[in-house]
Amino acid sequence: MSGGGEASAGVRFPPPLIVAGLLLAGLAADDWLGLRPAIPGAVRIAGAVIAVIGLVPIAWALLQFRSAGTDPEPWKPDAAFVEQGIYRFTRNPMYLGMALAHLGLALALDSMGALLAWPMAIVLIDRLVIAREERHLAARFGPAFEEYRTRVRRWI
C-alpha cells in the first residue's frame, strides 16, 4: 500500500531504550532506596516465563516487517503498512512484547523499582512513540489505516 504524508513518524529515541532505561533505573532504585519486595519463588518463575513470552510478539512483528519490506525503526520511512500476522490482533506487538518483557524481568529479578517503572514505560511509549506513529500512519496510509485502527486494538 502506498500513500502521501510524512516520510517517518518522527520518533527520535529508540523505544527499546526507553523500556530498557526505565527497567535499569528501577533495578538501580532497588539498591539506592533499599526496595526489595521479596516476591515468592513461584511468582519469580512466572515472571521469567512472562519475559520470554514477551519476546514472541516482538520476533513475530519483526518477521512481518521484513516480509513486507519495511523497516521497524520508527524514525525511518515506512515502505508498507503491515496489518497481517500478529498485526491482526494488536497494532503494537513490539511495544506489547517490550512491556511484557519488562514486567516479567521485574518479577523474575524481584525488583520493586522495576515494577514501579513499568507503568511509566508504558505511558512514555504510548504518548511519545505510539501517538506519533499513529498520526504518521494516518497521514501516510489514510483510510486504510483508519479502517485498521477501528478494527484492531492498540495494545491487545
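The model is predicted: local features need pLDDT of at least 70, side-chain atom pairs count only at pLDDT 80 or more, and totals for chains, interfaces and linings use all residues. Residues are numbered from 1 along each chain as its sequence is written, and side-chain values use heavy atoms, with hydrogens and water left out.

The chain has 4 helices and 0 strands, in the order α-α-α-α along the sequence. Helices (H or I, at least four residues) and strands (E, at least two) are DSSP runs, numbered from the N terminus. The C-alpha trace spans about 50 × 25 × 25 Å along its principal axes. Of the contacts between residues at least 6 apart in sequence, 79% join residues at least 24 apart, a contact being heavy atoms within 4.5 Å.

Of the 156 residues in the chain, 46% are buried. Buried means under 20% relative accessible area, exposed over 50%, and partly exposed in between (1.4 Å probe, protein chains only). In soluble globular proteins, nonpolar side chains tend to be buried together. The largest nonpolar core holds 28 residues, of which Tyr87, Tyr95, Ile125, Phe145 and Trp155 touch the most other members. Helices α1 (15–33), α2, α3 and α4 each supply at least two residues of this core, and α4 gives the most, with 10 residues. Such a core is a set of buried Ala, Val, Leu, Ile, Met, Phe, Trp, Tyr and Cys residues joined through side-chain atoms within 4.5 Å.

Leaving aside neighbours within four places in sequence, Trp155 is in contact with Thr90, Tyr95, Leu96, Ala99, Ile122, Ile125, Asp126 and Ile130.

The structure also holds 6 aromatic pairs. Rings of Phe, Tyr and Trp (its six-membered ring) pair if their centres lie within 6.5 Å; planes under 30 degrees apart count as stacked, over 60 as edge-to-face and the rest as tilted. One of the pairs joins Phe65 and Tyr87, which are tilted, with 5.7 Å centre to centre and 50 degrees between the planes. Phe65 lies in helix α2 (residues 41–68) and Tyr87 in the loop between α2 and α3 (93–108), so this pair ties together parts that are 22 residues apart in sequence. Phe65 is buried at a relative accessible area of 12%, and Tyr87 is buried at 6%.

Phe81 and Tyr148 make an edge-to-face pair, 5.1 Å centre to centre with 80 degrees between the planes. Because Phe81 lies in the loop between α2 and α3 and Tyr148 in helix α4 (residues 112–151), the pair ties together parts 67 residues apart in sequence. Phe81 counts as buried at 7% relative accessibility, and Tyr148 is buried at 2%. Phe81 and Tyr148 belong, with Phe141 and Phe145, to one aromatic cluster.

Which residues does Val11 touch, not counting those up to four places away in sequence? Val11 lies in the segment before α1 and counts as buried at 2% relative accessibility. Val11 touches Pro74, Trp75, Leu128, Val129, Arg132 and Glu133.
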